[in-house]
Structure formats: C-alpha cells, structure tokens
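The exercises below are to be worked through with the sequence and the model side by side. Each task is followed by its solution.

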Amino acid sequence: MSSPSLTLPSQERPARRRLLEILGALAIAATYVYLVLNQPTDITGGPGSASALIALSGFLAGAVLLIIAVLPTLPASTLVMIPVALVLNIVLGQFVGSTLVPFYLDAIGTVLIAVLAGPAAGAATGALSSIVWSFFNPTVLPFAAGAALIGCLAGLAARYGLFRRFYLAPVAGFLTGIIAGVVSAPVAAFVFGGTSGVATGAIVSAFRAMGDTLLAAITKQALLSDPMDKAIVFTIVALLVYALPRRTSQQFPFIRRHRVLAGKGQAGPGTSHTESPAQGTAPGTGLNG
C-alpha cells in the first residue's frame, strides 16, 4: 500500500509546480553567481556575516521553493526520510573530510532522496544539507548550489533508467562528479581560497607547488576526487535501494511512475521506460517527480 501523498488544493496545476521549480533553481543559481562574482571571504566567519546571510537566504529560498513544488507528489515516507538524509550527509561528510581519504561521501543522503523522489526533491535535500551543515562548518555553505545540482542530476539519472542496470549507476555518478567538480571549483577558489578536506587540500597544495594557479589546482583536484567520489556514492545508493523490500520501494510514486528499478513490474534490461496510458504517466522533462 502506498503512503498517502501530501497534496495541495485541487486547483494546483503542473504548470504552477514547474514555475516554482524554475524559481527555486534560479534562486540557487543566482546565489552561486553572487558568491563567485563577489568572492565574500567573510562568509567563513559564520552565519552572522552579511555575505553568509545573503547566501543562507538565497539557498534556503531556493530549497523551500523546490520543496513546495514537489509537495503534491511527496509521500509521507519521503518527508520522514529527508531529515535522515541530512544527518547522513553531515556525519559522513564531516568524518571523511577530516581523514586522509581524498573523497567526501557527503551526498549519499541527497542521492538516495533523489532516486526515491526525483530531481527536485534531491536538489532541495542537497541545498538543505549544506545549509544545516554550515551552522557547524561555515565553509560548507557556499557549496549548497553544487549539492543541489548533484541531487538534481541524480534524480534525472534515476528517471531515465540509469539505475535499472547496476553497472550504469557508477557511470552516472562519475559523470555527475565531473559536472559537480567544475561547478564547485570556482567557489572553493574564489570564496575561501581552497578546499575544506584534509586530503583534498593536500592535493591542491601539490598542484600549487607544481606552478598551477589556485583555480587550476582546485579544478584538477576536483576532477580527480569528485568523479570517483560520486561513482562510489551512486553505487552505495544503488545497493541501498535494491536492498529495500519491493513493497517499501514501491511506496514512492517517483519509482513507480518512472519505473526507476529493474525487476518485476519495472523496466528490465533492454525495456523502454515509457509507460502506456494504462500504466501511468510517461516520464517528463522537468524537475518534478
């Protein structure tokens, strides 16, 4: 039996939800551009600085708009899992970042929500994760746009069948890592002049010693660490999702609607992911599930 969805009034239309998604994405993108162009180094001083308040407001507004947009499609089970995903991101990210491992593993919760509930839910979870984490580690806040992008790309990968074949999940993660690395590099370089992890910072220092500029060194580090990190994260999430009992995974409308997983009642290898009208709604192109 499916969990009840939290629905908005009946006059709510997909066009309105799409508009909210676009506004949410624009708020996050605009905040990212502001950080890159203004290079506010005071943001590392904590949420009390002017730049931190602007970033916090922009990212939070974007995350809230995305959540409102997908609210009609989210079952209660998804809303319950979002706080768990935030804790998972923060705990793993904080621990791994303090070790000599050149990875992050701070997006497992984000990707998990994205696979279960879709791109918009994943983007909102990624942004919220960075916002909450920033109260413990202010250097994380500028990366909220990248975290939201990871959630969006993971949801799109799930929608278009890259989790139906297990070997495609790490490929999707690797490609996501390349994009996320390129997006995060200017923030790391311009906002606070480096990376926050111990091992990743050492890699940047090594490239700098070879004569690279700060941006070039951070971009190279990101292109080394991020693709492998996201490949690992996507693989872990695939294992987690397939380990769920079918009855549990099928409680999520996004998984049912887009036949995210292979198996009985799902699109198996070589099967088209487009559903007939009798089976449900065919996958769309927007962020909403």
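**Exercise 1.** Is Phe 163 buried or exposed, and which of these words applies to Phe 234?

Solution. The model is predicted, so that local features need pLDDT of at least 70 and side-chain atom pairs count only at pLDDT 80 or more, whereas totals for chains, interfaces and linings use all residues. Residues are numbered from 1 along each chain as its sequence is written, and side-chain values use heavy atoms, with hydrogens and water left out. Taking buried as under 20% relative accessible area and exposed as over 50%, with partly exposed in between (1.4 Å probe, protein chains only), Phe 163 is buried, and Phe 234 is buried as well.

**Exercise 2.** Describe how the rings of Phe 163 and Phe 234 are arranged.

Solution. A search of the whole structure gives one aromatic pair (ring centres within 6.5 Å; stacked if the planes are under 30 degrees apart, edge-to-face if over 60, otherwise tilted). Phe 163 and Phe 234 form this stacked pair, with 5.8 Å centre to centre and 25° between the planes. Phe 163 lies in the loop between helix H6 (144-159) and helix H7 (168-190), while Phe 234, 71 residues apart from it, belongs to helix H9 (residues 214-243).

**Exercise 3.** Which residues touch the most other members of the largest nonpolar core?

Solution. Such a core is a set of buried Ala, Val, Leu, Ile, Met, Phe, Trp, Tyr and Cys residues joined through side-chain atoms within 4.5 Å. Among its 32 residues, Ile 28, Ile 43, Phe 59 and Leu 141 touch the most other members. A second, separate core of 27 residues includes Val 96, Ala 107, Ala 172 and Ala 180.

Methods:
Phe/Tyr/Trp six-rings, centres within 6.5 Å; stacked < 30°, edge-to-face > 60°. Helix = DSSP H or I, 4+ residues; strand = E, 2+ residues; numbered from the N terminus.
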